[in-house]
Amino acid sequence: MSAGDTPTGSGLVDDDRTPSPRVDVCVVGAGPAGALVASKLAAAGHEVIVLDAGPQFDPNDRQARMERHLRPGLDAPVWDVDGERDAYSSSGEQYYPLNVSRVKGIGGSTLHWQGMVMRMHEQDFRLASDTGMGDDWPIAYDDLKSYYASAEAELSVSGASDNPFAPPRDDPHPLPAFPPSYSDSLFAEACEAVGLATHSVPNARNSEPTEEASACVGYGTCKPVCPSGAKYDATRHIERAAANGARILDRVPVQRLEHDDAGEQVTTAVYATPDGEEHRQEAREFVVAAGGVETPRLLLLSQSETYPDGLANSSGLVGRYFMDHLFAGMGGTLDEPTRQKHVGFNTTESHQFYDRPDDSRTAIKLEFLNYAGPAPADVALGADTFGDELLEEIRGAYGTHVAMGALVEQLPRRENRIRLDPSRTDDHGNPVPDVVWGLDAKTRATIERANEIQRDVLEEMGVDIGWTVGPDNTGPAYHHMGTTRMGTDPTDSVVDPQLRTHDLGNLTLAGSSVFVTGGAMNPTLTIAALSLKAADHVAERL
């Protein structure tokens, strides 16, 4: 079977795409949020069906997908982006390349993510109270503390309690941390000299074998594909859900949600199948976990006489306050070996400049990149030479590069949004998502501050700085957050602290769309914690 084919009869995905009789829970989306919700509810004995717009990918194809990523001239997307199905617009002040980051399929974005999993800081949940910027969440860090621990266990996180800036925790990480890389050791002396404290990075990849997967074997292609399965992806929880009786349907994009006459309960998810038919799945509870773009899009597509502006949108905020993290970076070469690319993920970082002292800047998470410059395979596969000449070319291009990166917080802004573009439609005739996105002055100033810190470290090391990613050429980290924000007031939020929509009592939204602020941490661990919390609240109502 070639990469891109969809397996049938695998036992995970149901080849019969007709609906079930009314189930307990219908979950829309099989990424990390939907997978965790489905797994937890199915394990509790509830009847669950999961509907996903994309295919189930054959795990046996992962080495072929890695080759697709590595080999020059193979320009096909590693995870099979479909131009018509995945069409979008970007009409904001800054172009947003949405399909760089999207994976539609069983496992979702965790199929190609980097795998770094940090808890958000206590200040993230009370940003407005502490600094006057942004807004406060209606929950505190302590409300998620136990769910963070559960999420780390579910994702088999490798980490160490060596971060002096991290929020408090009660238990160690499930697996030991990965040791610092060789290039991390080169940074250590310079960081000490400039007063920058460093610590390990928690990773959702196995540092030791578990029952589910081997230890990381160092392919170094974590993003966009882990051939060994050592890095967590959401197919693990989809498999657990299926083992506990959940039905998993792939290639069934949900077209709209329908509600009862009173507009108080969702009754049906209408989905399409590859044969062109539409089907209607009824359930007692509905959980939409389709990400920060497709979740608001589905709600906006589900307009009715009761909700003319979109389902669950009495506040008018569905799609509003779209946020991402911005990248700041700097790198160059050293006159000594750096052993770049020996590790395909970060093992050292610094949260020293994360918490905001006041309203002068947003959060900064500093990273020491283990994948600066070309890998030997990149040089060899792109070369026109052979033998000793090729070896010299590899030696000349590899092994002296170092770099630092940073994620920078973007504050929530009402004008940044996901809306429908009626002038362009997808393969089912639905308006595509239009990403309206731009940067504010405070975010740009914070990127400049991150670059200043990076330059201090690199100059202390004696690096010949060759490139900088700063305010004028920054780009997104592809962390889609904030489009169905959480709150207690139905007039200025979409979901309540239980992640249930204010307007419809049996509709839960799980994932990063409910974030009130985005901080500067990779969001997946918080997505997982919130999803486990949402599953508990759904179970309480069943």
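## Starting point: buried or exposed

A residue counts as buried when its relative accessible area is under 20%, as exposed when it is over 50%, and as partly exposed in between (1.4 Å probe, protein chains only).

The structure is a predicted model, in which local features need pLDDT of at least 70 and side-chain atom pairs count only at pLDDT 80 or more, while totals for chains, interfaces and linings use all residues. Residues are numbered from 1 along each chain as its sequence is written, and side-chain values use heavy atoms, with hydrogens and water left out.

## Salt bridges

A salt bridge here is a side-chain nitrogen of Lys or Arg within 4 Å of a carboxyl oxygen of Asp or Glu. The whole structure holds 33 salt bridges. Arg356 takes part in one of them with Asp124, and their closest N and O atoms are 2.7 Å apart. Arg356 lies in the loop between strand E12 (348-350) and strand E13 (364-368), and Asp124 in the loop between E3 and helix H3 (127-131), so the pair ties together parts that are 232 residues apart in sequence. The labels come from DSSP runs numbered from the N terminus: helices (H or I) have at least four residues and strands (E) at least two.

Asp80 and Arg65 form a salt bridge with their closest N and O atoms 3.4 Å apart. Asp80 sits in the loop between helix H2 (62-70) and strand E3 (89-90), and Arg65 in helix H2, 15 residues apart. Arg65 is buried at 0%, whereas Asp80 is partly exposed at 21%. Asp434 and Arg419 also meet in a salt bridge (2.9 Å, N to O), joining strand E16 (residues 431-436) to strand E15 (residues 417-425). Here Asp434 is buried at 4% and Arg419 is partly exposed at 33%.

There is a network too: salt bridges link Arg85, Asp86, Arg102, Lys104, Glu294, Arg297 and Asp426.

## Two helix pairs

Two packed helices are described by the angle between their axes and the distance between the axes. The axes are lines fitted to C-alpha atoms over the stretch in contact, and angles run from 0 to 180 degrees between N-to-C directions. Helix H4 (residues 141-154) and helix H11 (residues 524-541) have axes that come within 8 Å and cross at roughly 110 degrees. H4 and H11 are therefore roughly perpendicular, a word used for angles of 65 to 115 degrees. Their contact (heavy atoms within 4.5 Å) includes Leu144 and Tyr147 of H4 and Leu525 and Lys533 of H11. Its residues divide into 9 nonpolar, 2 polar and 4 charged. In this grouping, Ala, Val, Leu, Ile, Met, Phe, Trp, Tyr, Cys and Pro are nonpolar, Asp, Glu, Lys and Arg are charged, and the others, Gly among them, are polar.

Helix H5 (residues 182-194) and helix H10 (residues 441-461) pack at about 115 degrees, with axes 9 Å apart. Among the residues in contact are Leu186 and Phe187 of H5 and Asp456 and Met461 of H10. This contact has 9 nonpolar, no polar and 2 charged residues.

## Positive phi values

Most residues other than glycine have a negative phi. What is the phi of Arg251 near? Phi of Arg251 is near 55 degrees, a positive value. Arg251 is in the loop between strand E7 (247-249) and strand E8 (254-259), and is partly exposed at 31%.

Ala312 also has a positive phi, near 60 degrees. Ala312 lies in the loop between helix H7 (291-301) and strand E11 (326-333) and is buried, at 2%.

Conventions
Angles under 35 degrees count as roughly parallel, over 145 as roughly antiparallel, 65 to 115 as roughly perpendicular and the rest as oblique.
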